[in-house]
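Subject: Structure handover

Hello,

Here is the structure I promised to pass on. Please open it and keep it beside you while you read my notes below.

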Amino acid sequence: MKSRSLKKMFGAAVLAGAMMMAMVPATPVSAAGEITIGVTSFADTLEPTTQYFSWVVSRYGVGECLARFDQEGNMVPCLAESWESSEDGLTWTFKIREGVKFSNGNDMTVEAVKSSLERTIEKSDRVPEFFDLDNMEIDGQNLIFHLKRANANMAGSLADPLFLIVDTSVDDSTFEMEGPVCTGPYAVESFSPTDACVVVKNEYYWDGEVPLDRVTLKCIDDQTTRSMALQTGEIDIAYNLKTENVFEFEGNPNYNIQELQSLRSTYAFMNQNGALGDLALRQAFLRGLDKETYCAVLLEGGATPGKAPVPPTLDFGFDELNDENAYDPEGAKAILEEAGYVDVNGDGYVEKPDGSELVLDFVIYTSRAELGVYAQAAQASLKDIGINVNLNTVSYETLLDMRDSGTYDLLIWNVLVANTGDPENYLRENWYSTSANNTAGYNNPEVDKLLDELAATFETEERKEIIMQIEQHIMDDAATVFFGYETTYLFSNTRVTGVNMYPMDYYWLTKDIALAE
């Protein structure tokens, strides 16, 4: 099947070349055949059907899917050799690769793949946002999917880590803390959610020699500490450092820095089941946010100001979309006054039209440093127009629970917007009225209709037009706060080679990473 390129389809997801930097060379502490990677803690379990924790299993080199994305954003074969679709998008046939074994030595058969996908479908409530399955059947090496709803991008859906292939013949109750048995270049040796995950070489790996014996993925949530650990040689690779860290490595030939114009978006859901069910309040809220300053000054140019669901790095008409709720603090005050939000008691904050107190609870997590920057800046900006915002900082796992239960007014979020190759799944998952993840109560029948139309549309330009219409509706409805689209960096010591960034943020530890000769 012909692969699709993000560069060709969407334009500017461009990797900058690795830049050489110079300070006192760090002394590596890892043993021969071993490296350590600094990461932020993300998952309290390695069960891949729980929340988004399958991303960790993929990033740590353990799990693989039927298809994957390369460095250019092309969808390419992985555990499936090829695939094809019926003209109506309701039947997809995947030819499963022969000769693949799980890390325990068991064969990955077509039956095993089917069983793994059935497990995911049974255990995860996220599956309907990807596809609506009628049934699967086996024909030789082919696994055939019969869908109830057309899907023009089924291969991209199955490339999402949620659908990584696990060995279901083993006791899967051990997956949570011992990790699933998968087909990737590494297998889990030990896992501590707040400390580290240690993985070891998969001796049965199907796609070439695995160069490292053991890799420790060490949880270092604090950005400054993570940068210092790379400088001292405690770690060899650091993920999620920011623009302000670049100067710390300037002039040092012992480090490589890669830069990616982001395909990620930082935004905040506005819960329409509470006070933010009032469109006027949401409009005023958005007009009170100086996102240009947040990105240019507070984040030192490390992000592009947000306005739409899809960032400008993807070719979906960002500049053509109309943002009627752009920064306008005086306009925000006028909207509040007209809607009956006035400061009754003189404390500087407006009350609700019925005279009761208005305090918006903004739930955030801070393992990504920019999230706290946005939230604190928003709190200060909104105070200037009389909106009282309380910041509620929690762990990522607690944030997920609060999102699922709808116990928030605002809740920060940071995701890859093209997780299946384009924004369709991202849009459906967050703004389709019946989506399990849409706990903010957003409901626009026209958006639902357009998303259903998009699912059955194959032609690229037609898909672009539909997606732009969806984006404009979400913006006009003042449904969500789009803060910005951050530049992503990957820092590494030159003692390791084969370290690469991917537009799809699924692949951190790969079979290509090795120690320099």
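Start with two helices. H13 (residues 445–455) and H14 (residues 460–476) have axes that come within 10 Å and cross at roughly 160 degrees. That makes H13 roughly antiparallel to H14, a label for angles over 145 degrees, while under 35 is roughly parallel, 65 to 115 roughly perpendicular and the rest oblique. Axes here are lines fitted to C-alpha atoms, for helices over the stretch in contact, with angles from 0 to 180 degrees between N-to-C directions. Helices (H or I, at least four residues) and strands (E, at least two) are DSSP runs, numbered from the N terminus.

Some background on the source. This is a predicted model, where local features need pLDDT of at least 70, side-chain atom pairs count only at pLDDT 80 or more, and totals for chains, interfaces and linings use all residues. Residues are numbered from 1 along each chain as its sequence is written, and side-chain values use heavy atoms, leaving out hydrogens and water.

**The helix pairs**

Which residues of H13 and H14 meet? From H13 come Glu446, Val447, Leu450, Leu451, Glu453 and Leu454; from H14 come Arg463, Ile466, Ile467, Gln469, Ile470 and His473. Contact means heavy atoms within 4.5 Å. The residues of this H13–H14 contact divide into seven nonpolar, two polar and three charged. Nonpolar covers Ala, Val, Leu, Ile, Met, Phe, Trp, Tyr, Cys and Pro; charged covers Asp, Glu, Lys and Arg; the others, Gly among them, are polar.

H13 also packs with H12 (residues 424–431). Their angle is about 150 degrees and their axes are 11 Å apart. H12 and H13 are therefore roughly antiparallel to each other. In H12, Glu424, Leu427, Arg428 and Trp431 make the contact, and their partners in H13 include Val447, Leu451 and Leu454. That contact divides into six nonpolar, no polar and four charged residues.

Is Glu486 buried or exposed? At 4% relative accessibility, Glu486 is buried. The cut-offs are under 20% relative accessible area for buried, over 50% for exposed and partly exposed in between (1.4 Å probe, protein chains only). Glu486 is found in strand E19 (residues 480–486). Its side chain makes polar contacts with the side chains of Tyr374 (2.5 Å) and Asn414 (3.4 Å). A polar contact is a pair of N or O atoms within 3.5 Å; within protein, one must be able to donate a hydrogen and the other to accept it, and residues adjacent in sequence count only if both atoms are side-chain atoms. Glu486 and Gly306 lie 180 residues apart in sequence and 9.6 Å apart in space, C-alpha to C-alpha.

Asp505 sits in the loop between strand E21 (496–497) and strand E22 (514–515). Asp505 is buried too, at 15% relative accessible area. Its side chain makes polar contacts with the side chains of Arg264 (3.0 Å) and Trp508 (2.9 Å).

In helix H7 (residues 279–287), eight of the nine residues are buried. At its start, a side-chain oxygen of Asp278 reaches to within 3.0 Å of the backbone nitrogen of Ala280.

Just after H6, Gly233 takes a positive phi of about 90 degrees.

Best wishes
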